[in-house]
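Open the model in your viewer and show it as a cartoon.

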Amino acid sequence: MEFDVARNGNDLFRKEQRYGFFPSISGFWNLGEEKFFKKLFPFIDLFKFRGSYGLTGSDFGYPTVLTSIAYTLPGSGTIFGNGATEGALVNADVTWEKSRKTDVGVDINMFAGKLTMSADYFYEYRYDQLINQGAISAIIGQAVPRRNVGISDNKGFEVELNYRDKIAAVSYSIGGNLSHFKNKIIYISEAPDYPYLAQTGRQIGLTKGYQFIGFYQASDFDANGSVRSGVAYPLWSTIQPGDMKYADLNGDGFITAADQTFLSQPNIPTYTYGINLGLNYKNFSLRALVQGAWGYAINVFAEGTDIFNGVPQPLHLQSWSPNNPDNAIFPRIGFNNNINNRTWQTISDFSLTPGSYVRLKSLELGFQLPKKWIDKTHFIQNCRIYTAGYNLFTIRDTGKFQVDPEIAQGSNAGTAYPITTNYTFGLQVGF
């Protein structure tokens, strides 16, 4: 067992709130060392239970809590100029953000170390997070301070499994790992106009935007080009057949910011995994690494989608036109495309795509020169020749977009340079 206690202070906080008290406890029990266990399971070398629980605190990025007064002299052409301006209201009770962390795990070794396993479950509960007070109306006419009221959690597991053995002159190993995590906003100060705009209960990292439901068709317009009654249209632009259409979530007949919601999956993977392979035969060796992820979304916009911001792509061949109104996967193409169709200005799930992938990350083949060959040199101790390849092969599920699922996690996939395939030939010599 181990006990730890930390007492941290920060002079940005007032005297009564300055110090935080953060204890923790951890311990393990190696059941494999117990006599009764060894007798029942002699093939198990290690069977260790472990766990930890503790409280941590964070003051990272905290601003001072003082208000500010500014005075700006009249500028050129002004009549009255500017005067003293009061800053945001003061929150003198700002203090530490806190996190309760729990981790339980098990380590197992079997068959003289041939089979090993390690597994962990973790849970983190964060509270007193310093956040903006969205529940207070802007009608008060002054900026309100942040408060320690936010709550969120994060939980998941990690598993690693490895096996190694030897058959005659061939030795081999295979291993794998899998991790999963999922977070949730438990409380955030908000007063949404509609339930679908609420963040409480959702994951962190979701993209906010409009729900794409297809394209405006000629049947949506009258003979004079006006939108028919009952067809919702965006108030920020003039539209025509072939433009993107979004869901009118509040049913007021117009598309506005009130029709945005939180879309798709988070911008970081929910699951990640990897597989390691090793093979040795006499002086030859082979190594391979496969990795992948799923349960996240990539926001592909700007250069990644728009034809005049980037480069033409196969999806542009299936753009909307009067001759292709029903099977289109991309809006009409034109130099005068308005903000409604620009994915970097109007965010929607049209530009979100799953980021699931599996990739052959590396493959290496080596040959160790026999000792009797190099002994003749009288000065070389060892010599190895090898060749390797990286990012050799990828299976991905990015829909209609041509993006790399790994480099684009949580970023603008349009400007991200794709991961390249590399080949290496090398010689390692020891003297």
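Before selecting anything, one definition: strands are DSSP runs of at least two residues, numbered from the N terminus, and two of them count as paired if DSSP finds at least two bridges between them. Keep in mind that this is a predicted model.

**Stop one: the hairpin.** Select residues 97-110, which form strand 6, and residues 115-131, which form strand 7. These two run antiparallel and are joined by 13 bridges. Now select what lies between them: the hairpin has 4 residues between the strands, and Phe111 takes a positive phi near 55° there.

**Stop two: the next strand.**

**Stop three: one row across.** Which residue of strand 7 stands opposite Arg100? Select Tyr125, which is that residue. Continue to strand 8, where the bridge partner of Tyr125 is Asp153. In a regular strand, side chains alternate between the two faces of the sheet.

**Stop four: the whole chain.** Clear the selection and zoom out. The chain has 2 helices and 22 strands. Its radius of gyration is 30 Å, well over the 22 Å that the globule rule gives for 431 residues, so the chain is more spread out than a compact globule. Along the principal axes, the C-alpha atoms fill a box of roughly 90 × 70 × 50 Å.

**Last stop: the surface.** The accessible surface comes to about 25,200 Å², and 57% of it belongs to carbon and sulfur atoms. Of the 431 residues, 36% count as buried.

Note on methods. Residues are numbered from 1 along each chain as its sequence is written. This is a predicted model: local features need pLDDT of at least 70, side-chain atom pairs count only at pLDDT 80 or more; totals for chains, interfaces and linings use all residues. Side-chain values use heavy atoms; hydrogens and water are left out. The radius of gyration is taken over C-alpha atoms; the globule rule is 2.2 Å times the number of residues to the power 0.38. Buried means under 20% relative accessible area, exposed over 50%, partly exposed in between (1.4 Å probe, protein chains only). Accessible areas come from the Shrake-Rupley method with a 1.4 Å probe; for residues, only the protein chains shown count as cover.
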